[in-house]
Structures are given as C-alpha cells and as structure tokens.
Amino acid sequence: MSTIKNQERLEMNEPIIRELEEDDLTKGFLNTLDSLRKTSNLSNGKAIEIYKKIRTNPEHHIIVAEIEGMIVGTTTLLIEPKFIHDGGLVGHIEDVAVDKKFQGQKIGEKVIKYSLEFAKNQGCYKTILDCTDNVKKFYEKIGFKNMGNELRFDHN
Ligand SMILES: CC(C)(COP(=O)(O)OP(=O)(O)OC[C@H]1O[C@@H](n2cnc3c(N)ncnc32)[C@H](O)[C@@H]1OP(=O)(O)O)[C@@H](O)C(=O)NCCC(=O)NCCS
C-alpha cells in the first residue's frame, strides 16, 4: 500500500480508499450506487439494517473512495474459502460504481486495484467478477482476462 498519509491525499485531492463506515451511508455512498441502480431512495433505517447485516460477515468488505468527506466510488469484495484448492480463497468483486460527476478520474481503477491488493493480502489466489460488454475494457485495462460466460437465474 502507498505510504501517502490521508491528510496529504486530501491536499492533493486524491481519493482516500478505505472500508465503508456507518457514517458513509449519509455521505454520498447511496448516491454513488445510483450509477448502478437507484439506491439513494433507501430509508436511513433500512440502510443501517443492511449495513449491520453485512458487518456480521467478516469476509464481506465494502471498499469506498472518499473525496472531501464525500463517498464518490465503491466496490464490494467477498472472500470465499473453498474445499477445492486445499482451502484456497477466491475474491469476488461486485457492485463497482463511481458517482457520475467523478467518472473518468481513475477512481474506479483505484478502488479495484485496492480491492485486488486487499484480496491478495488476505491470501486469495484469484479474484473474479461478472460484467457487461460495455465495461469489459475497463477491467481488461486493469489486468482481468475474459474467461467465459456469465449466466443468471431469476428467482421470481
Ligand atoms: C465503470 C466505472 C466503474 C469506471 O470508473 P471510472 O472511475 O469512471 O473509470 P476510470 O477513470 O478509473 O477508468 C480507467 C480506465 O478505464 C477506461 N474506462 C472506464 N470505463 C470504461 C468503459 N465503460 N469502457 C471502456 N473503457 C473504460 C478509462 O477510459 C480509463 O482508461 P485509460 O487508463 O486509458 O485512461 C464507472 O464508469 C461507473 O460507475 N459506471 C456505471 C456503473 C457500472 O457500469 N459499473 C460496473 C458494473 S460491472
């Protein structure tokens, strides 16, 4: 990880990349998720309930990018222990989003790279994700390789 201190990052207008805290729920986190799907209409009570549920799983990490006290980027990293690969760990990336006003400033790249480093430090031997064709290039530039098909079953 970089040795630049958080104060120096703020002065450089560089995002601070870290794990989600409860206060972030009212500091732009839900609005950032609107880039994926409307989420900012969630009530504060429901958002806290979901946050607390997520917090019960130590393998569920939500990474955020903060600029000037506001959350402008996020992704989720789930770490899965496996019986195959001798108990090896696999990272799963989900819900990658950057606030519309901040897209194109390398914030998405920074949250993904942070998550990959985090997964590596936790002992994951690989990290995988699903995406649509229109964002494939974004992930390929970071180093992801296309490995196959994404399938989905809808439960309703
Ligand atoms: C996709 C998304 C997360 C990218 O974040 P971002 O901060 O805007 O992207 P970055 O500035 O970090 O881009 C890094 C590089 O990827 C490229 N890139 C970003 N989005 C791209 C896309 N959709 N298609 C092709 N290239 C893309 C950038 O041009 C940049 O290239 P460069 O290094 O040559 O300059 C963001 O645009 C977003 O939130 N989109 C809406 C939600 C979404 O689709 N999420 C992904 C779900 S799988």
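A residue counts as buried here if 20 or more other C-beta atoms lie within 10 Å of its own. By that criterion, 21% of the 156 residues of the protein chain are buried. Colleagues, please bear in mind throughout that this is a predicted model.

Let me start with the overall fold. The protein chain contains six helices and five strands, and in sequence order they follow the pattern α-β-α-α-β-β-α-β-α-β-α. Along its principal axes, the C-alpha trace spans about 45 × 40 × 30 Å. Is the radius of gyration in agreement or in disagreement with that of a compact globule? For 156 residues, such a globule would have a value near 15 Å; the protein chain has 16 Å, and therefore agrees. As for the contacts with a separation of 6 or more, 62% of them link residues 24 or more positions apart.

I turn now to the strands. Strand β1, residues 16-19, runs antiparallel to β2 and is joined to it by four bridges. Within that pairing, Ile 17 stands opposite Ala 65 in β2. On to β3: β2 pairs with β3 over eight bridges, again in the antiparallel sense, and His 61 stands opposite Leu 77 in β3. The two strands β2 and β3 form a hairpin with two residues between them. In the turn, Glu 68 has a positive phi of about 50°.

Next, the interior. In soluble globular proteins, nonpolar side chains tend to be buried together. In the present model, the largest nonpolar core has 19 residues, and those touching the most other members are Ile 17, Ile 63, Val 64, Ala 65, Val 72, Ile 107 and Val 111. Which elements give two or more residues to this core? They are β2 (60-67), β3 (70-81), β4 and α5, and α5 gives the most, with five residues. Leaving aside residues up to four places away in sequence, Val 72 touches Pro 15, Gly 28, Thr 32, Ala 65, Ile 67, Val 98, Asp 99, Phe 102 and Ile 107.

Finally, the ligand. There are 18 residues around the ligand, of which Gln 103, Gly 108, Glu 109, Cys 131 and Lys 137 come nearest. At least two residues of the shell come from each of β4 (89-98), α5 (107-122) and α6 (136-142).

Conventions:
Residues numbered from 1 in each chain as written. Predicted model: local features only at pLDDT ≥ 70, side-chain atom pairs only at ≥ 80, totals over all residues. Rg over C-alpha atoms; globule rule 2.2 N^0.38 Å. Buried ≥ 20, exposed ≤ 12 C-beta atoms within 10 Å, placed from the backbone. Contact = placed C-beta atoms within 7 Å. Near = placed C-beta within 6 Å. Core = buried A, V, L, I, M, F, W, Y, C linked by C-beta atoms within 7 Å. Pairing = 2+ DSSP bridges.
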